[in-house]
Amino acid sequence: MFDSLSSKFAGAFGALRARGKISEKDIELTTVEIHQALLEADVALEVVESFTAQVQSKSLELLSTLQAGTNQAQAIFDVVNQELTEILGGGARRIRFAKKPPTVIMLAGLQGAGKTTLAAKLAKFYKDQGETPILVASDLQRPNAVNQLQVVGASVGVPVFAPEPGNGVGNPVTVARDAIAFATSKLHSMVIVDTAGRLGVDQELMSEAIAIRDAVSPDEILFVVDAMIGQDAVRTAQAFQNGVGFDGVVLTKLDGDARGGAALSIAALTGRPIMFASTGEKISDFDIFYPERMASRILGMGDVATLAEQAKKAFAGDSAKKLEDKFLSGEDFTLDDFLEQLEAMSKMGSMGKLLGMLPGAGAMKKQIENFDESEITRTKSIVQSMTPKERRDLKVLNGSRRARIALGAGRKVSDVNALVDKFTAAQKMMKQMRNGGSMPGMPAGMHAGMPGLPPAPSKTVPPAKKKSKSGNPAKRALENGTIS
Amino acid sequence: MGLFNRLVAKVRGTSTASALDWSEIETELLSSDLGPSLVTELLAAAKKMRGDDAEGAIKEILRSKFSDKSRALSEGDGLQIIVIVGVNGTGKTTSVAKLATHLDSQGKSVLLAAADTFRAAAVDQLRTWGERIGIETISGKEGAEPASVAFDSAKRALEVGANFLLIDTAGRLHNKSALMDELGKLKRVVEKVAPISEVLLVIDATTGQNGLTQAKVFSEAVDITGLILTKLDGSARGGVALAIESTLDLPIKFIGTGEGATDFTPFDPEKYLAGLLA
Ligand SMILES: Nc1nc2c(ncn2[C@@H]2O[C@H](COP(=O)(O)OP(=O)(O)OP(=O)(O)O)[C@@H](O)[C@H]2O)c(=O)[nH]1
Ligand SMILES: [Mg+2]
């Protein structure tokens, strides 16, 4: 998501950077670009205006203090980044646990936002952290919503409290209330209440949500919103905030290519943090929301932090350590190691998804979309058709051996040749790196995810500084009472 | 009070609206999700039009953006097959049930096909709808290939001589090419049995500018013939649908206005325009 916005920003800042010295006029022009980009990204007009005004005034302020020769464009870029991060939440907040269990989480949102799937993801997320959650089927409206919750609940091994069949039968308030009693008696530490989708304008259903809320006294009400939502995000968020109220926001369908400006609007106008991100139909496609990562992504800097973390997960434990030791000891990197890495990479998920997180991904969108996932499988099959000896020492690969390998892998000899050439080149580059050089054009910590390279020593991402600034549009909107 | 009712007093009687009025009009148009480029174009054109009727001017320009294609379902002899597609959660399954109700009330014989074999309980959801509205739902075995369910249902619909077969498909994000290919395959496989008369893309009225990308990519994959615009009963005005009409020449055929089987009507451009500018 945010691809077009990030390429817009890349364009705007490319123009700024190309100039040695930036004038006030340049800043104004850049602000106009940002304004347009944000509108195209579905950011609400009032947020766009306060954001661009803020960026412009801060940049102008900064300009007069910067010495000639310092990197002015970079400084201004940082201003935009910082402002964006701040509005997006300034720092991820975790859910508040109840002093006396169970911790109650209630989900609310429009129809089709993705609440039911999210309920299961949340349950799994907290179950993995040692909680003992139950899921509560309080969507008794949509046909077979109860059924759906039961299926996803079973798939994550979390009990589903569903005393009513749904499809219009049963009272969601009673179900929710009984669920708390059930959880308390069975010593479950967490209760996640799925509710029916409802429109902000539907008074009757909003009252129902309020009744559910009052029956369960949730520790957290999460507003679940589709990342593809447009300008209505403002009206709907406002209606939910004034109606049932909410403490945090969950963005769903972030695996789409929506620019997701709604995230910015909702955070700015409600002052509520975006807490989680849902990024696919699989239960594991879920994470805590990182405002600073999202801001970087908007700015075309890529989501390096997420990538590095996934790489760390995939190259976990022994194999990573082994490779690192090997690398440091000066031993040669072999095709066996390469195979191991390819396997780890498949574990990390689709290559397209990974590449999408790289800096500048917005600009190479087409190539990423066309990335052939089967390439990895093909490469793997060639390596697997080699004998251990061949994998260790490529020099033994004569014509007949290559022909045999090609036959075994179901590939052409030219494919085998190409792989051998590429690998030899990579090996050479590794040697150079070990001798003090670095990879051109690759930020620190990046080579963790690159094929043929050992993982970087793990590097943690520093959390965003949570600074409070009176100029924060989120706060200003609140002060102005845009949303009470 | 609507935007133009509020502004009309200011606008009428003077030869042009003031800069302030125009900026308010711009804000309102943007908040309908028409998108910044369409809004910029509209405003430029409206300012050039003579007279004191800003509302009339804008409506006239908006009208010119509509597709000229027919908004009626394609008719013909024999079985009409309609495939319903769209991203996750837009209202496909509900729209299948609503469209079936609509056709049933016109005396047509209709069958439903549950080709969403992916999402949990999706088949049951459609089957529940079918029972509610008294229409048979054809489904496959658990985890069956969507294309094979669609194929079998088309054969069955031909056998029983149904007028319409409505195929519900799984929600899919348009940027997942494997899922888009799956849709292309479903279409090809069904067409071995009988031609598909319509592929309708369901667009949620709350969708922002991403709706345009959705429509483009789905069109490339399966030749969309029209749109169903859902959830117009909320506060969203669904302006992106007009942007889609105008850029891709795809007519909106029906709108959804609630969760009930009868909350569904053929698209009325004038009512829609009134809602956009409300
Ligand atoms: N208010 C309102 N709700 C609607 C409308 N159409 C559908 N819905 C609701 O939107 C939600 C999702 O509808 P579905 O028909 O299940 O959507 P879908 O596109 O089939 O969803 P997936 O198959 O999961 O992708 C349900 O709660 C519906 O009741 C509408 O026109 N207005
Ligand atoms: Mg469905």
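Contact here means heavy atoms within 4.5 Å. The legends below describe a predicted model.

**View 1. Overall make-up of chain A.** In chain A, 75% of the contacts with a separation of 6 or more are between residues 24 or more positions apart. The secondary structure of this chain comes to 21 helices and 8 strands. Chain A has 484 residues, and 54% of them count as buried.

**View 2. The largest nonpolar core, seen around A:Phe276.** The largest nonpolar core has 156 residues, and those with the most contacts inside it are A:Leu122 and A:Phe276. A second, separate core has 24 residues, including B:Ala97, B:Phe164, B:Leu200 and B:Val202.

**View 3. Packing of helix 5 and helix 6 of chain B.** Helix 5 (residues 92–105) of chain B packs against helix 6 (residues 122–133) of chain B at an angle of about 20°, and the axes are 10 Å apart. Angles under 35 degrees count as roughly parallel, so helix 5 and helix 6 of chain B are described as roughly parallel to each other. Their crossing is right-handed. Helix 5 of chain B contributes B:Thr93, B:Thr94, B:Val96, B:Ala97, B:Ala100 and B:Thr101 to the contact, and helix 6 of chain B contributes B:Gln125, B:Leu126, B:Trp129 and B:Ile133. By class, the contact of these two helices has 6 nonpolar and 4 polar residues, with no charged residues.

**View 4. B:Ala194 in a loop of chain B.** B:Ala194 lies in the loop between helix 8 (177–190) and strand 5 (196–204) of chain B. Its relative accessibility is 7%, so B:Ala194 counts as buried. Apart from neighbours within four places in sequence, B:Ala194 is in contact with B:Ile81 and B:Leu158. B:Gly78 is 116 residues from B:Ala194 in sequence, yet the C-alpha to C-alpha distance between them is 9.4 Å.

View 5. B:Asn210 is in helix 9 (residues 210–222) of chain B. Because its relative accessible area is 5%, B:Asn210 is buried.

How values were computed: Residues are numbered from 1 along each chain as its sequence is written. Chains are lettered from A and ligands numbered from 1 in the order in which they are written. This is a predicted model: local features need pLDDT of at least 70, side-chain atom pairs count only at pLDDT 80 or more; totals for chains, interfaces and linings use all residues. Side-chain values use heavy atoms; hydrogens and water are left out. Axes are lines fitted to C-alpha atoms, for helices over the stretch in contact, and angles run from 0 to 180 degrees between N-to-C directions. Helices (H or I, at least four residues) and strands (E, at least two) are DSSP runs, numbered from the N terminus. Angles under 35 degrees count as roughly parallel, over 145 as roughly antiparallel, 65 to 115 as roughly perpendicular and the rest as oblique. A crossing is left-handed if the near helix is turned anticlockwise from the far one by less than a right angle, and right-handed if clockwise. Ala, Val, Leu, Ile, Met, Phe, Trp, Tyr, Cys and Pro count as nonpolar, Asp, Glu, Lys and Arg as charged, and the others, Gly among them, as polar. A nonpolar core is a set of buried Ala, Val, Leu, Ile, Met, Phe, Trp, Tyr and Cys residues joined through side-chain atoms within 4.5 Å. Buried means under 20% relative accessible area, exposed over 50%, partly exposed in between (1.4 Å probe, protein chains only).
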